[in-house]
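Colleague: I would like to know where each label comes from. Could you set the values against the definitions as we go?

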Amino acid sequence: AQLRDAVARAFEDAGFSVAFEDPFAGGWSLARHARAAKAVSAVQIELARSAILSKDPSKPFALEPDRVERAARAHLAAARAASVEVTRR
């Protein structure tokens with residue numbers, strides 16, 4: 001829970017809304033990579049396409065550079081927060 005919350009805070013600090021297990025519960029990726037018995041944690045992050053795509057209806061699938069950069073910075077902050085949390089264990 002602490003790892004999940006640290007990652008969530010990084011995205012919230014970047015202005016993203018965060019939901020857990022909504023609309024989908026974690027599935028294959030977490031089952032594939034997490035190993036609780038070996039203390040290997042995994043966090044699955046799903047980002048809405050609307051967070052990085054242009055709002056211009058004439059360019060429905062065009063990446064918006066500023067939005068992509070904001071998302072990349074949030075991912076980097078989340079990775080750093082996760083690293084700090086994991087090293088506390």
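**Labels and their cut-offs**

Modeller: Arginine 70 lies over the face of phenylalanine 16, at 3.9 Å from the ring centre. This is a predicted model, in which local features need pLDDT of at least 70 and side-chain atom pairs count only at pLDDT 80 or more, while totals for chains, interfaces and linings use all residues. Residues are numbered from 1 along each chain as its sequence is written, and side-chain values use heavy atoms, with hydrogens and water left out.

Colleague: What makes a charge sit over a ring?

Modeller: The NZ of Lys or CZ of Arg must be within 6 Å of the ring centre and within 35 degrees of the ring normal. Arginine 70, at 3.9 Å from the ring centre of phenylalanine 16, is therefore within the distance limit. The charged end of arginine 4 also sits over a ring, that of phenylalanine 20, at 4.4 Å from its centre.

Colleague: Why is the pair of phenylalanine 11 and phenylalanine 16 called edge-to-face?

Modeller: Two values are needed, since a pair of aromatic rings is described by the distance of the centres and the angle of the planes. Rings of Phe, Tyr and Trp (its six-membered ring) pair if their centres lie within 6.5 Å; planes under 30 degrees apart count as stacked, over 60 as edge-to-face and the rest as tilted. By this rule there is one aromatic pair. The centres of phenylalanine 11 and phenylalanine 16 are 5.9 Å apart and their planes stand at 65 degrees, so the pair is edge-to-face.

Colleague: How do you know whether phenylalanine 11 and phenylalanine 16 are buried or exposed?

Modeller: From the relative accessible area: buried means under 20%, exposed over 50%, and partly exposed in between (1.4 Å probe, protein chains only). Phenylalanine 11 has 5%, so it counts as buried. Phenylalanine 16 has 10%, so it is buried too. Buried residues make up 18% of the 89 residues in the protein chain.

Colleague: What makes up the largest nonpolar core?

Modeller: Ten residues: Leu3, Val7, Ala10, Phe11, Phe16, Ala51, Ala71, Ala74, Ala78 and Ala82. The elements giving two or more residues to this core are α1 (2-13) and α3. A nonpolar core is a set of buried Ala, Val, Leu, Ile, Met, Phe, Trp, Tyr and Cys residues joined through side-chain atoms within 4.5 Å. In soluble globular proteins, nonpolar side chains tend to be buried together.

Colleague: How many helices and strands does the protein chain have?

Modeller: The protein chain has three helices and zero strands, and along the sequence the pattern reads α-α-α. Helices (H or I, at least four residues) and strands (E, at least two) are DSSP runs, numbered from the N terminus.

Colleague: What makes arginine 73 and glutamate 69 a salt bridge?

Modeller: A salt bridge is a side-chain nitrogen of Lys or Arg within 4 Å of a carboxyl oxygen of Asp or Glu. The closest N and O atoms of arginine 73 and glutamate 69 are 2.6 Å apart, so the pair qualifies. Both residues lie in helix α3, four residues apart, about one turn of the helix. Arginine 73 is exposed because its relative accessible area is 56%, and glutamate 69, at 39%, is partly exposed.

Colleague: How many salt bridges does the structure hold?

Modeller: It holds two. Arginine 4 and aspartate 5 also meet in a salt bridge, at 3.0 Å from N to O. Arginine 4 has a relative accessible area of 38%, so it is partly exposed; aspartate 5, at 27%, is partly exposed as well.

Colleague: Why is glutamate 85 called buried?

Modeller: Its relative accessibility is 11%, so it counts as buried. Glutamate 85 is found in helix α3. Leaving aside neighbours within four places in sequence, glutamate 85 is in contact (heavy atoms within 4.5 Å) with Gln2, Leu3 and Ala6.

Colleague: And what makes serine 54 buried?

Modeller: A relative accessibility of 15%. Serine 54 is placed in the loop between α2 (28-33) and α3. A polar atom of its side chain lies 3.0 Å from the backbone nitrogen of aspartate 56.

Colleague: Is arginine 88 buried or exposed?

Modeller: Arginine 88 counts as exposed, because its relative accessibility is 62%. Arginine 88 is found in the segment after α3 (65-87).

Definitions and conventions
Polar contact = N/O pair within 3.5 Å; in protein donor to acceptor, adjacent residues only side chain to side chain.
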